[in-house]
Structures are given as C-alpha cells and as structure tokens.
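Here's a quick briefing to read with the model open beside you. Take the topics in any order you like.

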Amino acid sequence: MIRFTRGLTMLLPRPGFLLLAVLATVVLFSSSLSAQEGRPRPPQFTSPEVKADRQIVFRVLAPEAESIRLDAGDIPNLGRDTSLTKNDEGVWEQTVGPVPAGAYRYRFNIDGVSVMDPKNPITSQSNANSWSLVVVPGSELFDTKDVPRGAVAEVTYYSKSLERFRRMHVYTPPGYESGEGKFPVFYLLHGAFDCDDSWSTVGRAGFILDNLIAAGKAKPMVVVMPAGHTGPFRSGPPQEGSRERRRDEFEADFTGDIRPYIESHYRVLTDRADRAIAGLSMGGGQTLTIAFGNLADYGYVGVFSSGVFGIDGGGRFSRPGPPWEEQKKDVLDDAKLKDGLDLVWFATGKDDFLLRTSQLSVAMLRKHGFDVVYRETEGGHTWLNWRDYLSEFAPLLFK
C-alpha cells in the first residue's frame, strides 16, 4: 500500500490480477491482427511514376468510381481525352508524354469531384486551389543538383496598409546564414491564378537561383515572392471597381509594408542599382505600375508574358480613366530617371494570348526613349516559359 501526503491511499494490484490483465491484452491484440490479416491487402502502386523517357504514369485507387479524368493544364499535348482506365484491382491509370523537363501541377477529377493525388505528398498552391506536383528531371536550369543550397522561408507579416496578416516567400542564397555581408534584392511577382507559393514550387525559383549562382552565372541575391492578391479570388468579371481597388491595395502593401519589412529584417542593399523587380502575367502588369511609379528606386525591370493591360484598347483588360501612358507621361519623359535604369526586359511566347499586349507595351516604352530588350519565344502562357525567362533574366541583374 502506498500512502500519499493528503491521506489518500491506492491499492497496488495483486500479481494474479496483473498476469490476467496482460493475457487479456495479448488476446485482444491477436484477435485484431487476425481480423486485419483476413482482409484483402490493397494493391500497391506508385503515383506519379516518372519514367526514364520522361513519360509520366498517373494512378489512383478508386474501385467504386465510374469515371476519372486527369486535370493538368500545363502538360503539353495532353489532348482532350484525359480519361484514366481502371484495372481489375480498382486502380485507375493513365500514361502521358514524353513531356519536356518541367514541374507540372495536376489533380484527379473523380466522378465530378476534384481531388489531389493521395499517393503524392508534393504540392503546389495557386490562388484558389492546391495541386499535386510532379517534377520531370532533365533540365540544367532547375534540376536538383549537388551544389550549395539556399533556403526559401514562408514569412508572415502584418500589413498596416491592409490591416491584416499577410504571407510571402523569401529566398536567401547559399552563405546568407553565416550572418555576413549584404545582398541585392529581387522582387518576383506571380500571375493572376497563382499565389506567393507558386514561384518556389511549380516555378522552381530556388533551384534555378541555386544552380545559376553555383555556376557563376548569377550573383547571390535575396528573392522576395509576395502575395499579389489582396482579397478572395473571384472567377469571371470582377465587380465594378474591384480590380482597380485590389491593384491599389497591393501597391500600397508592397510600397508601405513589404519593402520596408524586407529592408528592416534582411541584410539587403538599398541602392537603386541593387534592387530589381519582375513579374509574370498579372505580376508583369503590377511590375510596370510599381516600377514606373517609383522609377528612381529600381535599376532592373522584367516583364514576363505581360505588359500594360488594356493598351490594345479593348477586351476584359480595359480600364476606366486615362490610359497608362498618359498617367505615367512625366515619368516616361524624364531623362534623368533613365540614368541608372540598367535593364528593361520583356519576354513573351509567340502563342501567348498577351503577345499583342507585350508588343504594344514594348513599342510604347521605346517611343519614350527606353532601351527595351525584347525576347519572343516559342510557346504560350505557361510555366514552361516562365521558368526559362527567370533563368535568362536573373543572370543579367546587379552587374
């Protein structure tokens, strides 16, 4: 008998009772194990399986499903029929490719319900959804190599401009953790259907920078990937004024909160020659507005698959008020601001639906005396191009 300080007592179990308890536990465990062994073992398989010839095999177990389709918009030449075929074990399967080396988002549509691949732990976020992610190796640009590695941090900050907490991703180069030295900073913006996670997952930005730095092709730099959306995403035409409001909100957050946070929390250089900004699609439009609203602050400007939205005079990108060129006329015609602007760089695919927007934007800037580098590539509005554009643009920075 053990006596506690408050006068309570507890009787210890006798040895016979203890032995019975142990035997009962063993019997229950054995019965449970036997029941499990009696069930048919689920089929074993891998998904996705990337083959040596760059074919991808997608599989999912769904014995009761009636139909399953593959949803993977970035995979080239996928065709209209994306149906999977079921085998005798209830595993559905589809093989695609060979495909170019790249990172591809995908999901399964099972009887009308979109689901991620339960066999694949690798994911990528967009603005409205999460996706499973498969990486097909074979690229000198973004393959995982045995080189010094930087780090990508998910950073939460409080935006005083928007009065709420926000998130961004920040890449720091190899050697940053030593605590020595300051680095130039590159702000990299995402597109309309993406979020701050996208450049570092499907965009492979960290791997691209690691490989370029290791090869001596790019200078070590801090890369800031902020969230370009300030509210819930709505598909279809926005309510009147809402697009402009969200654009103004992001510009206020970027100028009033993101840049000050980075410059006070990271070891970055703050001269114009040490600051770059670029973006794809929506982020390219934001880049032009932010850079040409503060042109004395940026030495390098990059626009991927984008331009001044509405410059072609119609369509869903038209905006009320004076044209962008008229709004920025004083900046565009200020010769002093051109001194110290080392690079304005555009690239767009020949099949991109914003090709005309890019071409007109480049022509407009050249008309005002800007020395614009313009690249027109194969392909369309896709991550297959944007990773390449980043790998071409980054080596040109901070020379």
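Which residue lies over the face of Y176, and at what distance from the ring centre? That's R267, at 4.1 Å; a charge counts as sitting over a ring if NZ of Lys or CZ of Arg is within 6 Å of the ring centre and within 35 degrees of the ring normal.

Keep in mind that this is a predicted model: local features need pLDDT of at least 70 and side-chain atom pairs count only at pLDDT 80 or more, while totals for chains, interfaces and linings use all residues. Residues are numbered from 1 along each chain as its sequence is written, and side-chain values use heavy atoms, with hydrogens and water left out.

**The sheet**

- Eight strands make an open sheet with mixed pairing, in the order β12-β13-β15-β14-β16-β17-β18-β19.
- The edges belong to β12 (151-159) and β19 (372-377); each has a single partner strand, so one side of each is left without a neighbour in the sheet.
- On average, neighbouring strands here are turned by 20° against each other, direction ignored.
- As for terms, strands (E, at least two residues) and helices (H or I, at least four) are DSSP runs numbered from the N terminus, and two strands pair if DSSP finds at least two bridges between them.
- β12 pairs with β13 (residues 164-172) in the antiparallel sense, over nine bridges; in β13, V170 stands opposite A153.

**Helices across the sheet**

- Helix α2 (residues 205-214) lies across β12, β13, β14 (185-189) and β15 (222-226), and runs at about 30° to β13.
- Helix α9 (residues 383-393) lies across β14, β16 (275-280), β17 (300-304), β18 (343-349) and β19, running at about 155° to β18.
- Those angles run from 0 to 180 degrees between N-to-C directions, with axes fitted to C-alpha atoms, for helices over the stretch in contact; contact means heavy atoms within 4.5 Å.

**Nonpolar cores**

- In soluble globular proteins, nonpolar side chains tend to be buried together.
- A core here is a set of buried Ala, Val, Leu, Ile, Met, Phe, Trp, Tyr and Cys residues joined through side-chain atoms within 4.5 Å; buried means under 20% relative accessible area, exposed over 50%, and partly exposed in between (1.4 Å probe, protein chains only).
- The largest core has 39 residues, and the ones with the most contacts inside it are M168, V224, F254, I262, I277, F292 and L365.
- Helix α3 (residues 242-265) supplies the largest share of this core, five residues.
- Setting aside neighbours within four places in sequence, F254 touches Y187, L189, P226, R259, P260, I277, I290 and Y298.
- Another core lies apart from that one; it has 34 residues, including A218, V223, A276 and L343.

**Aromatic rings**

- Rings of Phe, Tyr and Trp (its six-membered ring) pair if their centres lie within 6.5 Å; planes under 30 degrees apart are stacked, over 60 edge-to-face, and the rest tilted. By this rule there are 20 aromatic pairs.
- F304 and F393 are edge-to-face, at 5.9 Å centre to centre with 80° between the planes. This pair links distant parts of the chain, with F304 in β17 and F393 in α9, 89 residues apart.
- F304 is buried, at 0% relative accessible area, and F393 is buried at 0% too.
- W345 and F393 have ring centres 5.7 Å apart and planes at 50°, so this pair is tilted. W345 lies in β18 and F393 in α9, so the pair ties together parts 48 residues apart in sequence.
- W345 counts as buried at 3% relative accessibility.
- One aromatic cluster is formed by F186, W199, F304, W345, W383, W386, Y389 and F393.
- K338 lies over the face of F370, at 4.4 Å from the ring centre.

- Most residues other than glycine have a negative phi, and most peptide bonds are trans.
- S47 and P48 are joined by a cis peptide bond, with omega about -10°; P48 is in the loop between α1 (15-38) and β3 (49-50).
- The bond from G97 to P98 is cis as well, with omega near 5°; P98 is in the loop between β7 (91-96) and β8 (102-110).
- R54 has a positive phi, near 70°. R54 is in the loop between β3 and β4 (56-61), and is partly exposed at 34% relative accessible area.
- E163 has a positive phi, near 60°. E163 sits in the loop between β12 and β13, and is exposed at 64%.
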